[in-house]
Amino acid sequence: PGLGDGPPGEDFGPPSDGPIEVTGTMTAPRLVLKVSPDYPRVPLRMGLSGTVVLRAVIGPDGSVEEVVLVRATSPLFVEAATEAVRRWRYTPALQSGKPVRVYFDAVVEFKIR
């Protein structure tokens, strides 16, 4: 038991279809639909601006499959930023001409105009 336990002659190919980092040899996803977040009421009344950085997974169809918080200037902006980014759409990332799931960082700015 140990190494070589699998069926003989099986080609395992690349590891799963899990998300990968975008590299220079790939075509990076390109944002095609950007939904602006709703400005949360409390920071708006307080005159606060802010930034939220989210790590997203862009699926092979260009949809945002997952969103995880990286950092935010205030927790008051996180929910609105997350809801907006989940609705963004991209051209898919391509590796060797095939669409792949990738990690992508999204920055959402909240500025009072």
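These legends walk through several close-up views of the predicted model shown above.

Because the model is predicted, local features need pLDDT of at least 70 and side-chain atom pairs count only at pLDDT 80 or more, while totals for chains, interfaces and linings use all residues. Residues are numbered from 1 along each chain as its sequence is written, and side-chain values use heavy atoms, with hydrogens and water left out.

**View 1. The protein as a whole, with two helices and seven strands.** Along the sequence, these elements come in the pattern β-α-β-β-α-β-β-β-β. Helices (H or I, at least four residues) and strands (E, at least two) are DSSP runs, numbered from the N terminus. Of the 113 residues, 30% are buried; buried means under 20% relative accessible area, exposed over 50%, and partly exposed in between (1.4 Å probe, protein chains only). Among contacts with a separation of 6 or more, 72% join residues 24 or more positions apart, where contact means heavy atoms within 4.5 Å.

**View 2. The largest nonpolar core, with 21 residues.** A nonpolar core is a set of buried Ala, Val, Leu, Ile, Met, Phe, Trp, Tyr and Cys residues joined through side-chain atoms within 4.5 Å. Val 64, Val 85, Trp 88 and Phe 110 touch the most other members. Two or more core residues come from each of β2 (50–58), β3 (64–72), α2 (78–86) and β7 (102–110). Take a look at Trp 88: leaving out residues up to four places away in sequence, its contacts include Leu 31, Leu 33, Val 64 and Val 107.

**View 3. Helix α2 and its buried residues.** In α2, Val 78, Ala 80, Ala 81, Thr 82, Ala 84 and Val 85 are buried. The buried residues of this helix pack against β2, β3 and β7.

**View 4. Phe 104 in strand β7.** With a relative accessible area of 25%, Phe 104 is partly exposed. Not counting residues up to four places away in sequence, Phe 104 touches Val 22, Pro 29, Leu 54, Arg 55, Ala 56, Ile 58 and Tyr 90. Phe 104 and Glu 21 are 83 residues apart in sequence, yet their C-alpha atoms are 7.7 Å apart in space.

**View 5. Gly 59 in the loop between β2 and β3.** Here is a glycine with a relative accessible area of 0%, so Gly 59 counts as buried. Apart from neighbours within four places in sequence, Gly 59 is in contact with Glu 65, Pro 92, Val 100 and Arg 101. The C-alpha atoms of Gly 59 and Pro 92 are separated by 6.8 Å, although the two are 33 residues apart along the chain.

**View 6. Ser 96 in the loop between β5 (93–95) and β6 (98–100).** Most residues other than glycine have a negative phi. Ser 96, which is not a glycine, has a positive phi of about 55 degrees. Ser 96 counts as exposed, at 71% relative accessibility.
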